[in-house]
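I'll jot things down as I look them up.

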Amino acid sequence: SGRRRGAGFVAHLGSTTYEIPIPDVRAIRERMRLSQGEFAERFQVSKRTLQQWEQRRAVPDMPARILLKAIESLPDVIAKAARAIRAELLAAKASSH
């Protein structure tokens with residue numbers, strides 16, 4: 001089981017307690033000097049989801065945490081991958097009509 005506490009998520013496994021940090025999404029975005037709209041567009045994340053994460057109304061799940069860590073480390077590579085995937089989706093949609 002687990003519950004939120006402070007800036008992390010507390011998980012209890014047997015008799016051991018783990019503090020799992022929640023990424024500071026606003027800090028990641030601000031270090032990149034991007035608006036919420038720019039960040040959402042660049043990395044193909046819903047602006048509403050981004051706002052929820054920043055306001056701590058929602059917590060990024062594990063795949064999102066991995067994505068955020070990758071964005072912190074290699075933002076240009078991730079942005080390029082996001083553009084490529086978006087182009088593939090648009091091409092597939094166009095060819096199905």
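Surface first: accessible areas come from the Shrake-Rupley method with a 1.4 Å probe, and for residues only the protein chains shown count as cover. With that, I get an accessible surface of about 6,700 Å² for the protein, 56% of which belongs to carbon and sulfur atoms.

Ground rules before I go on. This is a predicted model, where local features need pLDDT of at least 70 and side-chain atom pairs count only at pLDDT 80 or more, while totals for chains, interfaces and linings use all residues. Residues are numbered from 1 along each chain as its sequence is written, and side-chain values use heavy atoms, with hydrogens and water left out.

**Overall layout**

I looked up the elements: five helices and three strands. They are DSSP runs numbered from the N terminus, helices being H or I with at least four residues and strands E with at least two. Starting at the N terminus, I read the order as β-β-β-α-α-α-α-α. The radius of gyration is 16 Å, well over the 13 Å that the globule rule gives for 97 residues, so the protein is more spread out than a compact globule. (That radius is taken over C-alpha atoms, and the rule is 2.2 Å times the number of residues to the power 0.38.) I also noted that the C-alpha trace spans about 55 × 30 × 25 Å along its principal axes.

Contacts next, meaning heavy atoms within 4.5 Å. Of the contacts with a separation of 6 or more, 41% are between residues 24 or more positions apart.

Then charges, with Lys and Arg as positive, Asp and Glu as negative, and His and the chain ends not counted. I place each charge at NZ of Lys, CZ of Arg, CG of Asp or CD of Glu. There are 18 positive and 10 negative side chains, and the centres of the two sets lie 4 Å apart.

**What is tucked away**

Buried means under 20% relative accessible area, exposed means over 50%, and partly exposed is in between (1.4 Å probe, protein chains only). Buried residues are 27% of the 97 in the protein.

Which residues of α2 are buried? I found Q36, F39, A40 and F43. Looking down the axis of α2, they fall within an arc of 95°, so they line one face of the helix.

I find R33 in the loop between α1 and α2, and it counts as exposed at 75% relative accessibility.

Q44 is another non-glycine with a positive phi, near 55°. It sits just after α2, in the loop between α2 and α3. Is Q44 exposed, partly exposed or buried? At 37% relative accessibility, Q44 is partly exposed.

Last, I checked P21 in strand β3 (residues 16-21). P21 is exposed, with a relative accessible area of 59%. The C-alpha atoms of P21 and V10 are 8.6 Å apart, and the two residues are 11 residues apart along the chain.

Notes. Arc of directions from axis to C-beta.
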